[in-house]
Amino acid sequence: MKYLVMGAGAMGSIFGGLLMESGHDVTFVGLDEHLKTIQEKGLKIDGIWGEHFLETPKAFLGTDGITGTFDVILVSVKSYHTASVMESLPGFMKDDTLVVSIQNGLGNWETIAGVLGWDKTIGARIIFGAAIPEPGTARVTVYADKVLLGSPSGAVPMEKLEMISRDFVAAGIPTGISTEIAAHLWGKVLYNCCLNPLGAILNVPYGDLCNTMEIKGIIRGIIQEIFSVARAKGITLLYAGPDDYYRFLLEEQLPPTASHRSSMLQDLDMGRPTEINALNGAICAYGRQYGVPTKINSTITAIIMGLEFRD
């Protein structure tokens, strides 16, 4: 299988690197020092999934110079770049090419399908952590659950989902398939909205967020607002209610990711925009659309946006 990784950051490097190591033809596209280092010195993957080194990956700064078509395109750019990336994809696609969003947040699937169609759009729920400790190295930091793949519309045949899932598993990426991928994505959004911005605001790993009742109260409020928005939007969540998810977050999801450093904090440290508008900001936008108050998520969103514009 020929894979194209659009967005060779931490997550794209790990997926693409492990797929390449397992024998697939992988092309990486990026725009930063990490990609340049991969071109010059190769790609290193380390962390809890072991050490791997890809000496001569096909890596490009932008899409100039890439020729041919691909079987699968992994989109791993930040959510605010999804729309612009879609403009370049048709030239690399065959009639049966599939596009997999391995991204955070809400709205990416709709953006991809709006250009390419739902029959080519696969959603993924990713709930392991990744970081770039230095250019040329992608690190798997924490693991909470296996990757889930699914067709948001049901238009992608199950055998195609199984084909990609088998590739991921063979590459060492635990993966399964879900017929309720939207519900699982909203479950990841719950997790991210609760921990990612607060970890960035307080500059602490996830495990430190539950040291005070006050912060735990904010987390409860975030959860309650998301459940209200999801109900208004007609999204069926995987949990009985806000209290059920709050217990699951603290007892099941948080412990294995307690040492994780928020991706928003990493973005702020690097002077990059965050994905707040695809997470808490998206919840606020849906809240306005459906007349659901989202005061806590709105406050969190405003603080992160303020931090983005610090001198």
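Visitor: Is arginine 272 buried, partly exposed or exposed?
Guide: In this predicted model, local features need pLDDT of at least 70 and side-chain atom pairs pLDDT 80 or more, while totals for chains, interfaces and linings use all residues. Residues are numbered from 1 along each chain as its sequence is written, and side-chain values use heavy atoms, leaving out hydrogens and water. Buried means under 20% relative accessible area, exposed over 50% and partly exposed in between (1.4 Å probe, protein chains only). With a relative accessible area of 34%, arginine 272 is therefore partly exposed.

Visitor: Which residues are joined with arginine 272 into one network?
Guide: A salt bridge places a side-chain nitrogen of Lys or Arg within 4 Å of a carboxyl oxygen of Asp or Glu. Arginine 272 forms one with aspartate 267 at 2.8 Å, N to O. Through salt bridges that share partners, Arg272 is joined with Lys78, Asp267 and Glu275.

Visitor: How far apart in sequence are the parts tied together by aspartate 145 and arginine 125?
Guide: Their side chains meet in a salt bridge of 3.3 Å, N to O. Helices (H or I, at least four residues) and strands (E, at least two) are DSSP runs, numbered from the N terminus. Because aspartate 145 lies in the loop between strand 10 and strand 11, and arginine 125 in strand 8, the parts tied together are 20 residues apart.

Visitor: Which helix holds aspartate 243, the salt-bridge partner of arginine 220?
Guide: The two side chains meet at 3.0 Å, N to O. Arginine 220 belongs to helix 7, 23 residues away from its partner, and aspartate 243 to helix 8.
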